[in-house]
Amino acid sequence: MLGKRGFKPARGGSGRPTKKPMGGRGFKGGKGGPGGKRGVGAGSANKVMVVPHRFPGVYIAKGKADALVTRNMVPGESIYGEKRIQIPDDGAEPAEYRVWNPFRSKLAATIIGGVANMPIGIGSKVLYLGAANGTTVSHVSDMVGPTGIVYAVEFSHRSARDLTNMAKRRPNIVPIVEDARQPLRYRMLVGMVDVIFADVAQPDQARIVAINAAHFLKPTGWYIIAIKANCVDSTAKPEAVFAAEVDKLRKENCKPREQLTLEPYHRDHAVVIGQYRVKKKKAQ
């Protein structure tokens, strides 16, 4: 249900969780779909069943504990030491899935948190701002598949080195070593995209999303921004920071559709999902 100002309000509080959150070796992954197959974890004899998530390109591994997974585009290789699950396929090479840890990925925490909209899917063109070493970028690469593309922007040369090495084995990733505040510097490398995902952890992160949207995001395209309250204003309450950032986005033609807290996986973080340049409905 939409809130007073046209988008879903944040869920949960900003304090420490009272119980140990589910994660690590297994965690809840939401509702799955029919048609799952049984398999074995790489290097393990424990049988699991992999079923489709309600979002295309994402799956749930059901075993002793549920885990969010994506289908590995490069079978046999891990990106950051994540667990892999192999699913036998009749007469073909086994499919391989990679466990997606929400403690290491804000996008995974967003999906597990029960977000209603996930615009990233099979075939999507994504501009990823703040790609870092490529942990989440690799899973987005799995989600969009060979028909999609991920433009991954990272300013740190040290992190970009790992990102570039990973992209050598994943042809749908275009690594860009540039400052996300200067989209004109990479305008010749990036085409129009369906989705912008931003995890830049900067005080002006709303502005960074807006200027990149103006250059690369299609009208009515989607944006996903992970807001870290302490990076914007360490003296204000997280709820006040989130509300202020949402107002900034709204003023830049970025209409928020949904807001979700990332507790307990990421403290004082929230994700805002919305659309760009949405046409106003004419009054009847």
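Contact, as the word is used here, means heavy atoms within 4.5 Å. The structure is a predicted model, in which local features need pLDDT of at least 70 and side-chain atom pairs count only at pLDDT 80 or more, while totals for chains, interfaces and linings use all residues. Residues are numbered from 1 along each chain as its sequence is written, and side-chain values use heavy atoms, with hydrogens and water left out.

## Two residues and their contacts

Thr-70 belongs to strand β4, residues 67–71; strands (E, at least two residues) and helices (H or I, at least four) are DSSP runs numbered from the N terminus. With a relative accessible area of 0%, Thr-70 is buried, where buried means under 20% relative accessible area, exposed means over 50%, and partly exposed lies in between, with a 1.4 Å probe and protein chains only. Once neighbours within four places in sequence are left aside, the residues in contact with Thr-70 are Gly-57, Tyr-59, Glu-96, Tyr-97, Arg-98, Trp-100, His-139, Asp-142 and Met-143.

Met-73 is located in the loop between β4 and β5 (84–89) and counts as partly exposed at 26% relative accessibility. Leaving aside neighbours within four places in sequence, Met-73 is in contact with Ser-141, Asp-142, Gly-145, Pro-146, Arg-170 and Asn-172. The C-alpha atoms of Met-73 and Ser-138 are separated by 9.0 Å, although these residues are 65 residues apart along the chain.

## The sheet and the helices on it

An open sheet of 7 strands has the order β9-β8-β7-β10-β11-β13-β12, with mixed pairing; two strands pair if DSSP finds at least two bridges between them. Its edge strands, each of which pairs on one side only, are β9 (173–177) and β12 (254–261). On average, and with direction ignored, neighbouring strands of this sheet are turned by 15° against each other, the axes being lines fitted to C-alpha atoms, for helices over the stretch in contact, and angles running from 0 to 180 degrees between N-to-C directions.

Strands of a sheet pair through backbone hydrogen bonds, either parallel or antiparallel. Strand β7 (residues 125–129) pairs with strand β10 (residues 193–198) in the parallel sense over 4 bridges, and Val-126 stands opposite Val-195 in β10. By contrast, β12 and β13 pair in the antiparallel sense over 7 bridges, with Ala-270 in β13 as the bridge partner of Thr-261. Because 6 of the 8 residues of β12 are buried, this strand is largely enclosed by the rest of the structure.

Helix α2 (residues 135–144) lies across β7, β8 (149–154) and β9, and runs at about 165° to β8. Helix α4 (residues 205–216) also packs on the sheet, where it touches β7, β10, β11 (217–228) and β13 (269–276), and its direction makes about 160° with that of β11.

Helix α3 (residues 157–167) has Ser-159, Ala-160, Leu-163, Met-166 and Ala-167 among its buried residues. These residues are on the same side of α3 because they cover an arc of only 115° around the axis, an arc taken from the directions from the helix axis to the C-beta atoms. On the other side of α3, His-157, Arg-158 and Arg-161 are exposed, while the cover over the buried residues of α3 includes α2, β8 and β9.

## Aromatic pairs and cysteines

The structure holds 4 aromatic pairs. Rings of Phe, Tyr and Trp (its six-membered ring) pair if their centres lie within 6.5 Å, and planes under 30 degrees apart count as stacked, over 60 as edge-to-face and the rest as tilted. Two of these pairs are set out here.

| Aromatic pair | Centre to centre | Between the planes | Class |
|---|---|---|---|
| Phe-103 and Tyr-265 | 5.0 Å | 75° | edge-to-face |
| Tyr-186 and Phe-216 | 5.7 Å | 20° | stacked |

Phe-103, in the loop between β6 (92–99) and α1 (106–112), and Tyr-265, in the loop between β12 and β13, are 162 residues apart, and their pair links distant parts of the chain. Phe-103 counts as partly exposed at 32% relative accessibility, whereas Tyr-265 is buried, with a relative accessible area of 15%. Tyr-186 lies in the loop between β9 and β10 and Phe-216 lies in helix α4, so their pair ties together parts that are 30 residues apart in sequence; both Tyr-186 and Phe-216 are buried.

The structure holds 0 disulfides, a disulfide being a pair of cysteine sulfur atoms within 2.5 Å. Cys-231 counts as partly exposed at 25% relative accessibility, and Cys-254 counts as buried at 0%.
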